Amino acid sequence: MALRQIRILGDTILEKACRPVKEITPRTKELIQDMLDTMYDACGVGLAAPQVGILKRIVVIDIGEGPIVMVNPEILETSGEQTGQEGCLSLPGQAGIVTRPNYVKVRAYNENMEEYELEATELLARAVCHECDHLDGIMYIRHVEGDLFDVEAEDEMPEEE
C-alpha cells in the first residue's frame with residue numbers, strides 16, 4: 001500500500017472532530033492498510049485517521065502484539081490510573097508526562113464492520129485513550145503535566161511517579 005503524510009501539530013485538521021464510518025468500502029480498507037503501513041514506517045504504536053488528514057473515526061494500534069483496527073471506537077468504561085511518558089507521531093521528538101486510565105473497555109468495529117469489545121490495560125489502555133482523543137480533535141499535550149521535553153535528550157526527562 002502507500003505511506004501517508006503524518007499531519008504535524010499546528011495543522012487545523014488535528015483539532016477537528018471526526019465523522020463516524022457508516023460502511024466499509026474498498027477505499028476505507030485501503031485507508032486502514034495505509035494507516036498501518038504509515039504507523040509502522042514511523043515506528044509508532046498508534047495512529048488515528050485525522051493524523052493522515054482524514055476526518056473519519058478510525059484508529060490503528062500495535063503495541064507489539066499485532067495490529068488492532070478500531071472503527072468508530074467508543075470507550076465504555078475506565079478505571080485506575082497510570083502516569084507515564086507519552087509522545088505522538090504528530091509532535092515528533094517531543095514527549096510529556098500524562099496520567100491516563102490504567103484500564104479501558106472499548107467497543108469498536110473491525111475492518112469488516114464486525115462489532116467487538118476490547119479490554120485493555122497499561123500501554124494498550126494508554127494508546128486507546130490517546131488515539132480516541134485524536135478522533136475528537138484532542139492532542140495529548142492538553143493532558144501533559146508540566147512541560148514537554150525532547151525525547152532524544154534522555155538526561156532531561158523528568159522522573160516518572
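A nonpolar core is a set of buried Ala, Val, Leu, Ile, Met, Phe, Trp, Tyr and Cys residues joined through side-chain atoms within 4.5 Å. This predicted model has a largest core of 27 residues. Helix H2 gives that core its largest share, seven residues. The model also holds an open sheet of three strands. Its count of disulfides is zero.

**The nonpolar cores**

- Four residues touch the most other members of the largest core: Ile61, Met70, Leu124 and Val128.
- Several elements each give two or more residues to this core: strands E2 (58-61), E3 (68-79), E6 (103-109) and E7 (115-121), together with H2.
- Take Val128 as an example. Not counting residues up to four places away in sequence, Val128 touches Ile61, Met70, Ile75, Val104 and Val106.
- There is also a second, separate core of 16 residues. Among its members are Leu36, Ala49, Val52 and Val71.

**Helix H2**

- H2 covers residues 122-135. From its first C-alpha to its last, H2 reaches 21 Å, close to the expected 20 Å.
- Of the 14 residues of H2, 12 are buried, so the helix is largely enclosed by the rest of the structure.
- H2 lies across strands E4 and E5. The helix runs at about 55 degrees to E4.
- After H2 comes Gly137. The phi of Gly137 is positive, near 75 degrees.

**The three-stranded sheet**

- The strand order is E4-E5-E8, and the pairing is antiparallel.
- E4 (82-87) and E8 (145-150) stand at the edges. Each has a single partner strand, so one side of each is left without a neighbour in the sheet.
- From one strand to the next, the twist averages 30 degrees.
- Six bridges join E4 to E5. Three bridges join E5 (residues 94-100) to E8.
- Gln85 stands opposite Ile97, and the bridge partner of Ile97 in E8 is Glu145.
- E4 and E5 form a hairpin, with six residues between them. In the turn, Gly93 has a positive phi of about 80 degrees.
- Five of the seven residues of E5 are buried, so this strand is largely enclosed by the rest of the structure.

- A disulfide is a covalent bond between the sulfur atoms of two cysteines. To count here, the two sulfur atoms must be within 2.5 Å.
- Cys88 is in no disulfide. The nearest cysteine sulfur belongs to Cys18, 13 Å away.
- Cys88 counts as buried because its relative accessibility is 10%, and the cut-off for buried is under 20%.
- Cys129 is in no disulfide either. Its nearest cysteine sulfur, that of Cys132, is 7.1 Å away.
- Cys129 is buried too, with a relative accessible area of 7%.

- Thr28 lies in helix H1 (residues 26-41).
- Thr28 has a relative accessible area of 1%, so it counts as buried.
- Which residues does Thr28 contact, leaving aside its neighbours within four places in sequence? Thr28 is in contact with Glu23, Lys56 and Ile58.

Notes:
Residues numbered from 1 in each chain as written. Predicted model: local features only at pLDDT ≥ 70, side-chain atom pairs only at ≥ 80, totals over all residues. Heavy atoms only, no water. Pairing = 2+ DSSP bridges. Helix = DSSP H or I, 4+ residues; strand = E, 2+ residues; numbered from the N terminus. Axes fitted to C-alpha atoms, helices over the stretch in contact; angles between N-to-C directions. Contact = heavy atoms within 4.5 Å. Buried < 20%, exposed > 50% of the residue type's maximum accessible area, 1.4 Å probe, protein only. Expected span 1.5 Å × (residues − 1).
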